[in-house]
Amino acid sequence: MPVTQEQSEWFAGAFDSLVTNVGQAILGKEETIKLVLASMLSEGHVLLEDFPGTGKTVLAKALANTLEGTNSRIQFTPDLLPSDVTGVTIYNQSTNKFEFHKGPIFASVVLADEINRASPKTQSALLEVMEEGVVTVDGESYPVGKPFMVIATQNPVEQAGTYKLPEAQLDRFLIKTSLGYPDRSTAVDLLLDSANRSRASQISPIIGGPSLIAMSQLASAVHVDRSVMEYITDIVHATRSHKDVALGVSMRGGLALARIIKTWALAHGRAYATPDDVNTLAVPVLAHRLIVDAESEFAGVKAEDVISGILVELPVPAYRAA
C-alpha cells in the first residue's frame, strides 16, 4: 500500500522530534544524528569511528535513552569471551535442567564500546545476531526481539592491543560515520556547561518500541523507482572494477543502501526516494565495505574518495516523481 502525504508528514515530524531529543546531548551534530536515526529506523547497525573525546559513547547512550526500551553497554576488552556477550547455558541442580542466561546482547539498543579491542573470536559472536536477530547457543536459537540495534565505537588512532574488524563484520554495519570535533561556537557552549558531566543520562524517552517498529514498516513501503535501483546497482558494480579497489561492495551493501534511502526520503517528507538520496548516503553506507588496494592505500587513496569519484563519474538518472 503506497505511503500517503499525510503519513509522510507525520513521519518527518516524528523524525525531527527524535533528532531534537538526541541533540540535547550532542550539540551541533544534527546531520550525524539524522544518519544514526535513519539507520535505526532502517533496522540497521552503526559503527562510530572517531578520535577519543568526540562524544561517540554519549551519542549512543542518548539514542538508547530516547527509546522506551532496554539498553545495555558492553565494554570490549581483550579478555572478553563470546559468552560474556551472548549469554551462557548453566545447569540448574534444583530442576535438573540446563537454563540459558541471557547476555547483554539481549536489549533494544546495545552499545559495543571499543569493539576492536576484543579478540576476533568474541567479535564473531555478533555476526549472527546482527544479521538475523537471533543468538544460537548449544544448538538452541533465541530471538533478541525488535527493535534491535548495535552501536559500536572504535578509535582509529590508537591501534596497540586492538584487532581490526574483519570484512564480514564491517559488512553487518549499515553505516559507518563519525562526529568530529565541534565548531568554535559549540565548543564554547560545551565549556560553559562543563558542570554537566552526564548529558546523555538527562535524555528522556519519547518513543516506544511499537511506534519505532511502525515507523520502520512505513519506511519500507516508500516508493523507489526502477531507475534509482539501477543507479544503486551501477555504483555497486563500479566499486568491483575500480582500479584502486581490491574488494568491492557486496550485495548486502547494495541492499542496505536501497533500504536506508527509503527512510531518508520519508524523514524529509517524501513518499518516494530520488537519486539525490542515493548520493547523500552512498559514502556512509558503502565506503566501509571496500578494501582499497594496498599500493593505492599507500599512495593516500581512501575508500570515501573512491565512492565520491564513482558518484562524479556515473550519470545520474533523470528522475521525475510519480
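Student: Does arginine 172 count as buried or exposed?
Tutor: The scale is relative accessible area: buried is under 20%, exposed is over 50%, and partly exposed lies in between (1.4 Å probe, protein chains only). Arginine 172 stands at 19% relative accessibility. That value makes arginine 172 buried.

Student: What kind of model is this?
Tutor: Residues are numbered from 1 along each chain as its sequence is written, and side-chain values use heavy atoms, with hydrogens and water left out. Local features need pLDDT of at least 70, side-chain atom pairs count only at pLDDT 80 or more, and totals for chains, interfaces and linings use all residues, for the model is predicted.

Student: Which residue forms a salt bridge with arginine 172?
Tutor: A salt bridge puts a side-chain nitrogen of Lys or Arg within 4 Å of a carboxyl oxygen of Asp or Glu. Here the closest N and O atoms are 3.9 Å apart. The partner of arginine 172 is glutamate 131.

Student: How many residues apart are arginine 172 and glutamate 131?
Tutor: Helices (H or I, at least four residues) and strands (E, at least two) are DSSP runs, numbered from the N terminus. Arginine 172 is in the loop between α7 (167–170) and β10, while glutamate 131 is in helix α6 (residues 125–132). The pair links distant parts of the chain, and the separation is 41 residues.

Student: Which residues are linked with Glu131 and Arg172 in a network of salt bridges?
Tutor: Side chains of opposite charge can pair when their charged atoms come close. The network holds Glu131 and Arg172 together with Asp171, Arg252 and Arg289.

Student: How many salt bridges are counted by this rule?
Tutor: Arginine 117 and glutamate 114 meet in a salt bridge, 3.1 Å from N to O. There, arginine 117 is buried at 15%, whereas glutamate 114 is partly exposed at 28%. By the rule, the count comes to 13.

Student: Which strands does the salt bridge of lysine 176 and glutamate 49 link?
Tutor: These side chains meet at 3.1 Å, N to O. The two residues are 127 residues apart, and lysine 176 lies in β10 (residues 175–177) while glutamate 49 lies in β1 (residues 46–49). Lysine 176 is partly exposed at 24%, and glutamate 49 is partly exposed at 22%. The strands are β10 and β1.

Student: How far apart are the end C-alpha atoms of helix α11?
Tutor: Helix α11 runs over residues 251–267, which makes 17 residues. The expected span is 1.5 Å times one less than the number of residues, so α11 should span 24 Å. The model agrees, with its end C-alpha atoms apart by 25 Å.

Student: How many residues of α11 are buried?
Tutor: Helix α11 is largely enclosed by the rest of the structure. Of its 17 residues, the buried ones number 13.

Student: Which residue takes a positive phi just after α11?
Tutor: At the other end, the start of α11, a side-chain oxygen of serine 250 reaches to within 3.3 Å of the backbone nitrogen of arginine 252. Just after α11, phi is about 80 degrees, and the residue is glycine 269.

Student: At what angle do the axes of α11 and α12 cross?
Tutor: Axes are lines fitted to C-alpha atoms, for helices over the stretch in contact, and angles run from 0 to 180 degrees between N-to-C directions. The axes of α11 and helix α12 (residues 275–286) come within 9 Å. They cross at roughly 130 degrees.

Student: Which residues other than glycine have a positive phi?
Tutor: Most residues other than glycine have a negative phi, and most peptide bonds are trans. One positive case, near 60 degrees, is glutamate 43, in the loop between α2 (30–41) and β1. Another, about 60 degrees, is at residue 96, in the loop between β4 (87–92) and β5 (97–102). The residues include glutamate 43 and asparagine 96.

Student: What is omega at the cis peptide bond between lysine 146 and proline 147?
Tutor: Proline 147 sits in the loop between β8 (140–143) and β9 (149–154). A cis bond joins lysine 146 to proline 147, with omega about -5 degrees.

Key:
A polar contact is a pair of N or O atoms within 3.5 Å; within protein, one must be able to donate a hydrogen and the other to accept it, and residues adjacent in sequence count only if both atoms are side-chain atoms.
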